[in-house]
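Me: I am new to this structure and would be grateful for a close look at a single part of it. Please take the disulfides as the subject and describe them in one connected account.

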Amino acid sequence: MLNKALAVIFITAAPFLVSAQSFITAGGGPIPDNNTEVCYDIVVSGLPSVIDTSFGITLTCIDLTHTYDSDLKISLRAPDNTVVVLSNHNGGGGDNYTFTCFSENGVDGWIMFGAPPFSGNWIPEYSINAFNNGMDPNGTWQLCIIDEVPADSGHFNFATITFGNNPPPDPGLPPGICSTTNASACSCPDTTITDCDLLPDMTASAMIIQQEHTEYPGYMTVSNATPNIGYGPLEIRGINVCYCDTQVVGCNTPQCPDGSYPKQLITQRIYHKNGQVMSYWDHPAGTMTYHPTHLHMHVDDWAIYTLRIATADPIPTHWPIIGDGAKISFCLINLGNCSGSPGFCLDTLGNTVLSQDLPNNGLGSVTGCGNEQGIYVGSLDIYGQGLSGQQIDFPGICNGDYYIVSETDPLNNFLETNDNNNWAAVPVTLTQQGTGPVNPTFNATVNGFTASFNSLVPGVTSYMYYFGDGDSSNVSNTSHTYAAPGTYTVTLQLYNGTCTATIAQQVTINSSVGLQEVTFDNLTIQPNPFVAAASVKYMLKKNSMVSIRVYDLKGSLVKEITNSMESAGLHEHRVDGLEAGTYFLRMVSGSSVVNYKLVSLH
């Protein structure tokens with residue numbers, strides 16, 4: 001039986017329930033933080049043995065307290081194990097569901113477009129009429145809650161289910177709402193056509209980095225956010241194909257022999273609009289891995305944080321790296337939206353974008369931290385600086401001016417409308433590190449393919465030049481001959497016994513002396529991804545100096561495949577001995593430079 005106060009609330013929210021039959025949970029309890037689902041039983045008895053469109057479930061209500069509502073996925077499970085998601089990571093950073101009811105005629109509108117604290121009567125994210133399918137309603141129902149993100153928790157108070165005559169039919173989407181089942185209201189990037197893929201556009205937020213970073217000796221913590229300002233959702237799904245190193249294993253394998261966790265292959269779901277018809281296709285998009293600290297699945301290689309020094313290069317992701325972030329894999333989940341966090345979402349001109357500015361705002365169907373994850377159009381994921389791994393390590397560097405650079409999807413695993421706006425660069429001045437040398441600098445002069453470098457800074461005890469092509473030198477005055485023309489970023493590290501200062505400048509080699517215009521014809525790299533080895537094949541039209549090197553994601557040289565003069569004709573090189581991971585293969589011959597992404601499963 002319902003208590004008197006609760007009965008009044010239900011009558012106010014939905015007058016047709018006066019004679020309805022309602023059932024309530026026996027009690028409440030805590031909502032654990034971070035990926036532990038809790039379910040509370042609602043015992044239903046004395047009803048007809050069939051529920052359908054004549055008599056069935058009409059309303060379900062919940063009451064809970066929780067900080068940061070968008071951590072939560074709330075579901076109702078029937079005795080026959082039919083599950084309906086009532087609210088899936090809605091509400092951003094707001095708090096609580098206070099006497100919140102769900103019905104298909106909810107007068108407050110769709111829950112995903114509401115704002116907390118949620119109260120009143122809302123249309124659930126998925127239809128509760130899915131229960132009115134002829135099942136026997138008598139038995140144990142469950143209201144289930146999962147908090148999928150660390151750092152917030154709450155308390156569940158109660159839930160009710162109400163059955164009655166003539167359950168309200170599904171309302172259908174209101175006019176003008178784009179959804180994964182309603183393409184008519186969705187817009188293509190080119191408004192003159194109605195047949196297109198609806199791709200996401202993932203960016204990185206500079207504002208949250210500016211607002212939330214903390215310096216410590218040797219490292220800093222940093223928050224980040226990845227907004228979706230595109231035309232389609234970013235959605236990924238595990239396909240239940242998992243690996244331990246190169247060995248295919250069951251995805252329920254608890255741990256690999258080396259102590260790591262199995263990597264599961266994932267696909268990105270691309271929605272396609274063709275007039276009023278919505279379809280989709282799936283694109284291979286890397287892997288996901290169980291994260292033991294956060295107790296849920298993380299998409300691998302989703303974001304990279306670095307500390308860098310600026311050069312004349314306009315692209316910050318090309319600047320020299322001073323310190324690396326500890327964490328590059330994340331759960332992809334709606335934890336906010338562009339309107340709720342103004343300034344987190346910017347277009348390519350730096351203008352603020354709000355959720356309602358986006359034609360397909362709200363488009364998406366999955367989000368969370370399990371095998372299905374995603375970020376809706378107009379929504380964003382947020383990673384607080386207090387979470388495990390949210391730091392950049394830079395032991396031994398000197399105080400000075402640097403940039404925090406964040407890259408979203410650095411390997412371009414995901415298809416987007418724009419791959420050139422996935423970064424944010426934020427200036428930061430470090431003051432808690434060592435005191436560096438005064439006015440560190442170096443001079444560079446170029447003669448043909450040879451550049452000479454000179455540095456003499458008082459108090460410096462050791463020097464290290466990195467010439468930008470994989471070679472280096474540890475003397476203060478040196479010269480270096482480049483294999484091909486181009487603009488190279490030369491970095492110099494100076495150590496004064498206390499800390500290391502880093503400076504950089506660009507050096508342009510533009511001599512045409514001895515230059516041959518050479519291209520890699522009929523270039524193939526197979527297989528890719530590979531297990532033991534990949535074969536690189538190409539044709540040279542002329543004799544040429546050829547350099548083939550493998551670099552890791554940080555730009556460090558991992559392996560040199562060849563650096564020699566090769567004759568005209570067909571050539572083949574073997575790439576092997578790489579640990580599992582993603583790499584870049586850089587091929588240089590004359591003025592031709594080719595970069596390829598390599599994926600080793602070994």
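Reply: Cys251 is partly exposed in this predicted model, because its relative accessible area of 30% lies between the limits of 20% and 50%. Cys251 forms a disulfide with Cys242, and the two sulfur atoms are 2.0 Å apart. Cys242, by contrast, is buried, since its relative accessible area is 2%, and buried means under 20%. The torsion about the S-S bond of Cys242 and Cys251 is about 105 degrees, so this disulfide is right-handed.

Another joins Cys398 to Cys499, with an S to S distance of 2.0 Å. Cys398 is in the loop between β25 (391-393) and β26 (400-408), while Cys499 is in the loop between β33 (486-495) and β34 (500-509); the pair therefore ties together parts that are 101 residues apart in sequence. Here the torsion about the S-S bond is about 100 degrees, so the link of Cys398 and Cys499 is right-handed. Both Cys398 and Cys499 are buried.

A further disulfide joins Cys188 to Cys196, again with 2.0 Å from S to S. Its handedness is left-handed, with -95 degrees about the S-S bond of Cys188 and Cys196. Both of these residues, Cys188 and Cys196, are buried.

Key. Residues numbered from 1 in each chain as written. Predicted model: local features only at pLDDT ≥ 70, side-chain atom pairs only at ≥ 80, totals over all residues. Heavy atoms only, no water. Disulfide = S-S within 2.5 Å. Buried < 20%, exposed > 50% of the residue type's maximum accessible area, 1.4 Å probe, protein only. Helix = DSSP H or I, 4+ residues; strand = E, 2+ residues; numbered from the N terminus.
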